[in-house]
Amino acid sequence: MSAAVAEVGSAAPDFTLTSDAGERVSLSQFRGSPVVLYFYPRDDTPGCTAQACGIRDVWGELQSKGAVVLGVSTDSPERHVKFREKYGLPFTLLSDEEHEVAERYGTWIEKRNYGKTYMGMERSTFVIDADGNVAKVMRKVKPAEHASDVLAALP
């Protein structure tokens, strides 16, 4: 199992990934704004859909707090475009195909399903404060509660 690296109070590990628009995006370019960084499993499963759509549904409130929202998964940028279009997601999705960022945040873990063991992305969300420090960690996100938990962590 991957060690949890990013914990409350620690500096958020920086990264540069490719966005669904084909641009290189670095966490450090958003310093000065709170960032909602959420990790979701590769496939378009009901769980990750609920997580992303929960964030989408509070988009106006997130914008009013000045938050930047970045979704991270091992999906390709092309699949992210389809995911955004299918669910009307207004925020940037980033492709972590080598799961480098997931490992640094401790979201790339050993999972068990129906007696099989494999490595995969754990559904998690991190709220990064304007100074670049982790303000809140939500692991094994329960999608029904997720959006209100994110909002409560923002200033």
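**Entry 1. Order of elements**

In what order do the elements of the protein chain run from the N terminus on? I read the order as β-β-β-α-α-β-α-β-α-β-β-β-β-α. The radius of gyration of the protein chain is 14 Å, close to the 15 Å that the globule rule gives for 155 residues, so the chain is as compact as a globular protein of that length. I note that this radius is taken over C-alpha atoms, and that the globule rule is 2.2 Å times the number of residues to the power 0.38. In total I find five helices and nine strands in the protein chain. Helices (H or I, at least four residues) and strands (E, at least two) are DSSP runs, numbered from the N terminus.

**Entry 2. Basis and confidence**

I am working with a predicted model, in which local features need pLDDT of at least 70 and side-chain atom pairs count only at pLDDT 80 or more, while totals for chains, interfaces and linings use all residues. Residues are numbered from 1 along each chain as its sequence is written, and side-chain values use heavy atoms, with hydrogens and water left out.

I looked up pLDDT, the predictor's confidence in each residue, from 0 to 100. Its mean over the protein chain is 88, and 94% of the residues reach 70 or more. Which element has the lowest mean pLDDT, and which the highest? Helix α1 (residues 46-57) has the lowest, at 80, and strand β2 (residues 24-26) the highest, at 96. I keep in mind that where pLDDT is low, the predicted coordinates should not be read in detail.

**Entry 3. Whole-chain values**

Along the principal axes, the C-alpha atoms fill a box of roughly 45 × 35 × 30 Å.

Of the 155 residues, 48% are buried. Buried means under 20% relative accessible area, exposed over 50%, and partly exposed in between (1.4 Å probe, protein chains only).

For contacts (heavy atoms within 4.5 Å) between residues at least 6 apart in sequence, I note that 62% join residues at least 24 apart.

I then compared the charges: the mean positions of the 18 positive and 22 negative ones are 5 Å apart. Lys and Arg count as positive and Asp and Glu as negative, whereas His and the chain ends are not counted. The place of a charge is NZ of Lys, CZ of Arg, CG of Asp or CD of Glu.

**Entry 4. Y40**

I located Y40 in the loop between β3 (35-39) and α1. Is Y40 buried or exposed? Y40 is buried, with a relative accessible area of 1%. Leaving out residues up to four places away in sequence, I list its contacts as C48, Q51, G71, V72, S73, H80, F83, L93 and M121. From Y40 to V141 the separation is 101 residues in sequence and 9.5 Å in space, C-alpha to C-alpha.

**Entry 5. The loop between β4 and α3**

T74 lies in the loop between β4 and α3, and S76 is in the loop between β4 (68-73) and α3 (77-87). T74 counts as buried at 9% relative accessibility, and S76 is buried at 16%. Beyond four places in sequence, T74 touches R42, S95, D96, E97, H99, W108 and M121; under that condition S76 touches S95 and E97.

**Entry 6. Positive phi**

H99, in the loop between β5 (92-95) and α4 (100-105), is not a glycine, yet has a positive phi of about 50 degrees. H99 counts as partly exposed at 22% relative accessibility. K140 also has a positive phi, near 50 degrees, in a residue other than glycine. I place K140 in the loop between β9 and α5 (143-153), where K140 is exposed with a relative accessible area of 61%.

E122 sits in the loop between β7 (116-121) and β8 (124-128) and counts as buried at 7% relative accessibility. Which residues does E122 touch, not counting those up to four places away in sequence? I find F39, G106, T107, I109, R139 and K140. D131, in the loop between β8 and β9 (134-139), is exposed at 59%. D131 and A12 lie 119 residues apart in sequence, with 9.5 Å between their C-alpha atoms.
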